[in-house]
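Reader: I am new to this structure and would like to know what stands behind the words used for it. Please take the terms one at a time.

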Amino acid sequence: MMKAVLLKNGTVLHPDGRLDREDVLLDEGKIQKIGQIALRPHMDVLDVEGGLILPGMIDPHVHFREPGFIAKEGIENGSRAAVKGGVTTVFDMPNTDPPCDTPEAFEAKERLFKEKSRVHWGLHYMATPDMRDIPERAVSVKIFMARSSSRSAWNREEALLPMFRKARRVAIHAEDETCFTQETRHHLRRPRQAIRMALETIRRTLILLPESERPRVVICHASTLEDVQWLADMKTRGFDVWGETAPHYLWFTREEEEYFGARYQVNPPLREVADRDAVRQALRDGIVDFIGTDHAPHTAAEKESDHPPSGIPGIEWAVPAILELAEQRELPWSRITRLISTGAVDCYGLSGYHGIQAGSTADLVILKKDGNPGPVITRAGYNPYKHISLTYTVNTVFIEGKVVYSENKFFTPHKGKELFGAFTG
């Protein structure tokens with residue numbers, strides 16, 4: 001029988017942003033108690049002096065590239081990178097090969113994750129106008145308004161309408177590819193007009209439906225002033241819309257892409273300082289609801305080619321990169337738990353995750369200052385945050401009260417589980 005674990009001498013980040021030096025007792029996969037706790041015979045004690053205790057990040061937007069593109073990452077490797085970045089749950093996107101757009105493909109992908117994932121997981125399901133039998137366990141139906149797999153993009157109202165009617169929850173890549181150009185520079189090839197057009201189409205489609213038939217809409221990787229203004233307007237008018245952004249939009253602008261090259265080429269493209277600052281402000285204001293990494297690795301050879309694909313690895317530095325914004329007073333500590341955990345929990349209908357408080361699932365991370373970040377895990381092979389001094393590194397990770405990672409070492413065997421029922425919650 002596994003003993004309870006008492007974390008001593010750490011600093012707890014409470015959901016309201018308070019930082020208190022307190023003990024945390026973990027037992028039976030849950031946080032049992034927080035406060036000054038006396039050591040008992042049934043407890044193992046772990047001294048986490050100097051450690052900051054946070055909930056494990058729930059990352060609702062990753063591309064682990066399996067099946068089909070395992071050379072780029074793969075589930076086992078991607079989930080190891082997730083743990084190192086303080087992520088304990090991932091929701092994987094469906095633009096794999098084959099795409100995850102049939103119940104059979106969904107079940108096959110479930111088997112791969114059950115076998116390989118070291119963190120908890122869920123799967124998005126790819127939208128098509130004629131889709132039937134959406135798996136009950138799907139996190140959402142994902143709509144790509146710009147092509148991202150062997151399947152077509154869907155960017156017209158007549159295509160979106162049947163998808164919206166069938167799905168309770170849709171996550172959307174909101175760039176209308178009909179606006180793309182032949183420019184050589186990435187941010188001009190995919191101009192912000194593509195975002196404006198996509199958002200307007202989504203708005204019109206929602207209005208066409210009676211309120212009772214509208215799905216919850218998640219705008220993925222919000223990255224521009226236009227995204228922020230649209231989310232603010234639609235929320236004010238009472239629409240059930242949610243905003244997600246990614247750490248790279250909070251740290252980088254197109255100057256990084258111009259200076260460092262294709263390693264910083266992403267979709268939607270990095271934009272201006274004003275866009276980055278607007279998204280940061282939207283996180284402070286609650287207009288953007290949570291953060292997903294959009295971890296999208298490619299091989300070094302692909303990125304160095306004449307036609308590099310878009311995507312950036314981010315999951316391995318996820319929580320330290322987000323915490324750095326709090327360290328630099330760009331985000332209040334009171335928003336951190338919401339942005340890395342409970343925002344996605346509420347949006348996707350999960351239960352049992354309430355931040356660091358009694359009764360919550362004991363998926364948590366301990367970060368320390370000036371730690372050794374260790375070797376890069378992602379098959380992308382580089383750290384996009386290398387030129388930024390991140391104060392914290394992930395020291396230890398617990399999943400359901402068990403240590404799965406500590407000081408650059410993984411503890412096996414550990415398998416994550418599917419978080420069932422997110423779609424129907």
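Author: In counting charges, Lys and Arg are positive and Asp and Glu are negative, while His and the chain ends are left out. By that count this predicted model has 55 positive and 60 negative side chains.

Reader: How far apart do the centres of the two sets lie?

Author: The centres of the positive and negative sets are 1 Å apart.

Reader: What secondary structure does the chain have?

Author: The chain has 12 helices and 18 strands.

Reader: Why is the chain called as compact as a globular protein of its length?

Author: The globule rule gives 22 Å for 425 residues, and the radius of gyration is 21 Å, close to that value, so the description holds. Along the principal axes, the C-alpha atoms fill a box of roughly 65 × 45 × 40 Å.

Reader: What makes a residue buried, and what share of the chain is buried?

Author: A residue is buried when its relative accessible area is under 20%. Buried residues make up 60% of the 425 in the chain. In helix α3 (residues 157-166), they are A159, L160, L161, M163 and F164. Their cover includes β10 (141-144), β11 (169-173), α5 (192-208) and β12 (216-219).

Reader: How do you know what span to expect for helix α9?

Author: The expected span is 1.5 Å times one less than the number of residues. For the 13 residues of α9 (273-285) this is 18 Å, and the helix reaches 18 Å from its first C-alpha to its last. Among its buried residues are D275, R276 and L283. Just after α9, G286 has a positive phi of about 85°.

Conventions
Residues numbered from 1 in each chain as written. Predicted model: local features only at pLDDT ≥ 70, side-chain atom pairs only at ≥ 80, totals over all residues. Heavy atoms only, no water. Helix = DSSP H or I, 4+ residues; strand = E, 2+ residues; numbered from the N terminus. Rg over C-alpha atoms; globule rule 2.2 N^0.38 Å. Buried < 20%, exposed > 50% of the residue type's maximum accessible area, 1.4 Å probe, protein only. Charge placed at Lys NZ, Arg CZ, Asp CG, Glu CD. Contact = heavy atoms within 4.5 Å.
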